[in-house]
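This report goes through a structure one part at a time. The sequence and the model are shown first.

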Amino acid sequence: MLIDDNIIDLKINSKIIQISKLFDEIIQCQSAEEAISYFTIHSKELDKLPNLILLDIQMPEMDGFEFLDSYKLLPDEWRTRCQVVMLSSTLDFGDIRKAEANPYVLKLLKKPLIPTELAAVFRANFTITA
Amino acid sequence: MTRSPVKVLYIDDEENNLLAFKASFRRQYEIYTANSAAEGLKVLENLQVEVIIADQKMPLTTGVEFFKSISDTYPDPVRILLTGYTDISALADAINHGDIYRYITKPWNDLELHNSIKNAHDAYRAKIDLRNKVKELEKTNDELNRFIYSISHELRAPLVSVIGIVNLVKMEGLYHSSGEYWELIESCSNKLDYYIQKTLQYYKNNKNLSDRSDINFKKLVDEIIDLYSYTDRDTQFNLNINQPHPFIGDAFRLEVILGNLISNAIKYQKDTEVHKIVDINIDVNLYSAEISITDNGLGILNEHLEKIFTQFFKTKNNKGSGLGLFIVKEALNKINGKISVKSSLNQGTTFKITIPNAN
C-alpha cells in the first residue's frame with residue numbers, strides 16, 4: 001500500500017514497485033485518512049491487508065506520524081502482517097530522528113525510491129511471505 | 001514623550017518612614033507602601049511594580065528575606081535595600097542572595113535615593129527591553145527554521161519526483177530513446193538537488209545549537225563512504241581509525257565536514273587513474289580528533305589553495321558548486337576545529353583537520 005498525497009509520486013512509486021516485481025498488488029491511497037478507511041472497510045478480510053505500507057511523512061491534514069498513531073492501535077495480528085516503511089524526501093533532522101525512533105517503522109527510505117533499497121528492505125523482512 | 005510615572009513599592013515597618021518617603025517622592029513617582037513583607041507581597045500580586053525598596057530590619061521577615069522569597073515569583077522589579085545600621089553580614093547576604101541593585105543607608109539622602117530609583121528604573125527598562133528583543137529574535141529564528149523546513153520539503157519534493165521519473169525511464173529502458181535529453185535532465189536535476197542540500201547544510205550549520213553526542217568515527221566514516229561511493233565503485237578506501245577514547249562532539253557538523261571532504265576526494269579523481277585511492281586516518285585522544293584525508297586525485301593549483309574555502313569559489317574545469325569546502329570551513333569554525341591542506345597538482349591532496357573533544 002502506498003500512502004502519499006502527491007499523485008505524481010504515487011504514480012512513479014507504484015510503477016517502480018511494479019517493475020521491481022516484489023509485490024503482486026499495489027493499493028494507492030492519496031491520504032492517510034483514505035488508508036484508514038480502507039482498513040475499516042476490510043477489517044474482516046485479513047487477506048485484503050497489504051504486507052507493506054510505504055508511508056509519506058508530510059501530508060495535509062493527517063501526516064505520516066499521525067497515521068502511525070492510529071496504526072499502533074491496530075491489533076497485533078494486523079501489524080505483524082502489515083508493516084510500515086516511511087518514504088520521504090525530507091532532509092529535516094527532526095523528521096529523520098522521529099522516523100528512526102518510531103518502533104513501528106521498519107526503515108525510512110528516501111525519495112526517489114531506489115529499487116535496490118526497496119529490495120533490501122524486502123529481503124530483510126519478507127523472507128517467509130515471499 | 002510622556003510616560004506613566006515609575007511605580008515604586010516601599011516596605012518599612014516604621015510608619016514615619018513611609019510617610020516621609022511619600023512626602024519626598026510622591027510628585028516624581030507613583031508610590032505604594034506596605035508596613036510588612038506580607039503586605040508588600042499583596043501589592044506585588046495586584047500590580048506591576050518596577051522598583052522595590054525594602055527596609056532590612058523588620059519584624060518577622062527582613063528585607064533580604066523578602067527579596068529572596070520573591071526572586072522566582074517576581075524576578076523583574078529592581079530591588080533597593082535600606083538599612084539603618086551597617087550590618088556587614090546582612091550586606092553580604094543581600095549581595096549574594098537577594099539580587100539587590102543598590103544598598104542605601106538610613107537615614108537616606110533624598111538626592112541619593114532619587115538617583116538610585118532613577119537608575120534602578122533604567123535597569124528595569126533595560127531588562128524588559130532585552131527580554132522583548134530576545135523574544136523577537138526567537139520569533140524570527142523560529143520563522144527562519146520553518147522556512148528552511150519548508151524549503152527542504154516543498155522545493156525538494158517535486159525535484160525528487162523528477163529524479164524518480166528519470167529512474168523509471170532508466171528502468172523501462174527508455175533512457176537513450178531521446179538522444180541525450182534524459183541524461184541532461186538527470187544531470188540538471190542532480191545539480192539542483194545538490195545545491196538545495198548544500199544550502200540547507202549551510203543554514204543548519206548557521207544555527208548556533210551544537211549538540212553533544214557520542215561519536216563512533218568508524219561507524220560514521222563507513223556510513224559516509226557507503227553514501228558517496230555508489231557514484232564510483234572503483235575507489236579504494238584505506239581506513240585507519242584509532243579511537244581508544246570516547247569522542248563527544250557535534251554529530252551533524254562532523255557528518256557535514258567528513259561528508260564534504262570524502263565526497264570531494266571521490267569526485268576529484270583523475271579519469272586516467274587506474275588505482276584511485278583515498279586514505280582516511282583518524283586518531284582520537286582525550287583532547288581532540290586528528291583526521292587526515294588523502295587522495296591521489298587531480299590536486300589543487302598552488303594559487304588556488306588559499307581560495308578554496310571561500311564561498312562560490314570554483315575552478316574552470318571543476319564540477320563543484322563552490323559551496324562544499326566553504327561549508328566545511330564554516331562548520332569547523334562553529335566547533336573550534338582547524339583545517340589545513342597540502343596539495344600537488346596531479347599527485348593528490350591531503351586535508352588535515354583537528355576537532356576538539358568535548359569529552
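## Burial and the helix α6(B)

A residue is called buried here if 20 or more other C-beta atoms lie within 10 Å of its own, with C-beta atoms placed from the backbone. The model is predicted. By that criterion, the buried residues of helix α6 of chain B are Gln201(B), Lys204(B) and Asn205(B). The elements covering these residues include α8 (251-267) and α9 (324-334) of chain B.

Helix α6(B) covers residues 181-206. Its 26 residues, at 1.5 Å a residue, should span 38 Å, and the end C-alpha atoms are 38 Å apart, so expectation and model agree.

## Chain B overall

Chain B contains nine helices and 12 strands. It has 359 residues, of which 27% count as buried. Among its contacts with a separation of 6 or more, 67% are between residues 24 or more positions apart.

Two strands pair with β9(B) in the lines of bridges described here. Strand β7 (residues 236-242) of chain B runs parallel to β9(B) and is joined to it by seven bridges. Three residues separate β9(B) from β10(B), and the two strands form a hairpin.

## Nonpolar cores

The largest nonpolar core has 31 residues. The residues with the most contacts inside this core are Phe217(B), Ile257(B), Leu261(B), Ile262(B), Ala289(B), Ile293(B) and Val328(B). At least two residues each come from α7 (217-228), α8, β9, β10, α9 and β12 (348-356) of chain B. Helix α8(B) gives the most, with eight residues.

Apart from neighbours within four places in sequence, Ile262(B) is in contact with Ile224(B), Ile225(B), Tyr228(B) and Ile293(B). Another core, of 26 residues, lies apart from the largest one and includes Val6(B), Ile53(B), Ala94(B) and Ala120(B).

## The sheet of chain A

In chain A, five strands form an open sheet with parallel pairing, in the order β2-β1-β3-β4-β5. Strands β2 (28-29) and β5 (105-110) of chain A each have a single partner strand and stand at the edges, so one side of each is left without a neighbour in the sheet.

Within this sheet, strand β1 (residues 2-3) of chain A and strand β3 (residues 52-55) of chain A run parallel and are joined by two bridges. Ile3(A) has Leu55(A) in β3(A) as its bridge partner.

## Contact between the chains

Between the two chains, 17 residues of chain A are in contact with 16 residues of chain B. On the chain A side, helix α1 (residues 7-20) of chain A supplies the largest share, six residues. The chain A side is made up of nine nonpolar, four polar and four charged residues.

Key. Residues are numbered from 1 along each chain as its sequence is written. Chains are lettered from A and ligands numbered from 1 in the order in which they are written. This is a predicted model: local features need pLDDT of at least 70, side-chain atom pairs count only at pLDDT 80 or more; totals for chains, interfaces and linings use all residues. Two strands pair if DSSP finds at least two bridges between them. Helices (H or I, at least four residues) and strands (E, at least two) are DSSP runs, numbered from the N terminus. A residue is buried if 20 or more other C-beta atoms lie within 10 Å of its own, exposed if 12 or fewer, and partly exposed in between; C-beta atoms are placed from the backbone. Two residues are in contact if their C-beta atoms, placed from the backbone, lie within 7 Å. Ala, Val, Leu, Ile, Met, Phe, Trp, Tyr, Cys and Pro count as nonpolar, Asp, Glu, Lys and Arg as charged, and the others, Gly among them, as polar. The expected span of a helix is 1.5 Å times one less than its number of residues. A nonpolar core is a set of buried Ala, Val, Leu, Ile, Met, Phe, Trp, Tyr and Cys residues joined through C-beta atoms within 7 Å.
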